[in-house]
Every structure is written in structure tokens, then in C-alpha cells.
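Trainee: I have a model on the screen. Can we go through it together?

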Amino acid sequence: MTLAVVILGEWTEFLFPDNPIAGPLASGVLLFLVAALVARHLALASAMPRPRRWRAGLITVAVLVAELVPELVPEVPRVWRRLMLAAYAAAALLMVAQVGMRVRLRIQLFLKGS
């Protein structure tokens, strides 16, 4: 799927070289694909509900963007640093919630078996 998006982006850039929206649109599609990949992985690997899986995918994309922007922009404003910290905090809270859900599920399975 990612290869198809890259090929489509290259053809768009070749056919419309002065199009200012092609680059940001391709980046947005790739970030959406990363979120979808994380959500699909969680669908197969856990019992998380769909909204929580997509939230995890979007938090992953937010952390990726928070890591990439300081590399691309030399002087990062304080607001961006605060957003980076918020993305990391959301990712940490999601991981804690995931562990809590696993523990609760195991306790319920244990109690059913007793």
C-alpha cells in the first residue's frame, strides 16, 4: 500500500511539478497509513476496542511528527516542545491503560475458571 502511495506521489509530482499541495498531501496520506497500520496491528494483537486502537495509532503518528519536526526546523518554539511532551505523555498513558486492561482481562479469566 505504501509503495502505491509513493508511486502515485511521484507521478503527481512528474505530471504537475508546480503543484504546491502534492507534497503535504502525500505526507498526510503516509501518516494516515502509519496510524492505520498501528490500529490494524492492535486489532490482531490485543482486545482493544476500535476507538482506542485508532487513538493509539494517532498518538503514534503524533510522536513521530514530534520527533521529526525538530530535525527539520532548527529553532523549535516552546509551544512545540510542550506539544512533544503532551504526545509522549499520551503515549505513556495509553501504554499504562493497555497494561491495566490486560491485567483486568486475566483476572476475569482466572475468576471464570475458578
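This is a predicted model: local features need pLDDT of at least 70, side-chain atom pairs count only at pLDDT 80 or more; totals for chains, interfaces and linings use all residues.

Trainee: In what order do the elements run from the N terminus?

Mentor: Count the helices (DSSP runs of H or I, at least four residues) and strands (runs of E, at least two), numbered from the N terminus. The protein has four helices and zero strands. The order is α-α-α-α.

Trainee: Is Phe 14 buried or exposed?

Mentor: Phe 14 sits in helix α1, residues 2–15. Buried means under 20% relative accessible area, exposed over 50%, and partly exposed in between (1.4 Å probe, protein chains only). Phe 14 has 60% relative accessibility, so Phe 14 counts as exposed.

Trainee: How much accessible area does the nonpolar surface patch with Phe 14 have?

Mentor: A patch takes residues with over 30% relative accessible area and no salt bridge, joining like charges within 9 Å and nonpolar side chains (Val, Leu, Ile, Met, Phe, Trp, Tyr) within 5 Å. A salt bridge is a side-chain nitrogen of Lys or Arg within 4 Å of a carboxyl oxygen of Asp or Glu. Leu 3, Ile 7, Trp 11, Phe 14, Leu 15 and Phe 16 form this patch. Together they have about 710 Å².

Trainee: Which residues form the largest nonpolar core?

Mentor: Such a core is a set of buried Ala, Val, Leu, Ile, Met, Phe, Trp, Tyr and Cys residues joined through side-chain atoms within 4.5 Å. The largest has eight residues: Leu 42, Met 48, Ala 56, Ile 59, Val 63, Ala 87, Leu 94 and Met 101.

Trainee: Which helices each supply at least two residues of this core?

Mentor: In soluble globular proteins, nonpolar side chains tend to be buried together. Here, the helices to look at are α3 (50–72) and α4 (78–113).

Trainee: Which residues does Arg 53 contact beyond four places in sequence?

Mentor: Arg 53 lies in helix α3. Its relative accessible area is 15%, so Arg 53 is buried. Contact means heavy atoms within 4.5 Å. Arg 53 is in contact with Ala 39, Leu 42, Ala 43 and Met 48.

Trainee: Which backbone oxygen does the side chain of Ser 46 reach?

Mentor: Ser 46 is in the loop between α2 (22–45) and α3, and is buried at 18% relative accessible area. Its side chain reaches the backbone nitrogen of Met 48 at 3.4 Å. At 2.7 Å, the side chain of Ser 46 reaches the backbone oxygen of Leu 42.

Conventions:
Residues are numbered from 1 along each chain as its sequence is written. Side-chain values use heavy atoms; hydrogens and water are left out. Accessible areas come from the Shrake-Rupley method with a 1.4 Å probe; for residues, only the protein chains shown count as cover. A polar contact is a pair of N or O atoms within 3.5 Å; within protein, one must be able to donate a hydrogen and the other to accept it, and residues adjacent in sequence count only if both atoms are side-chain atoms.
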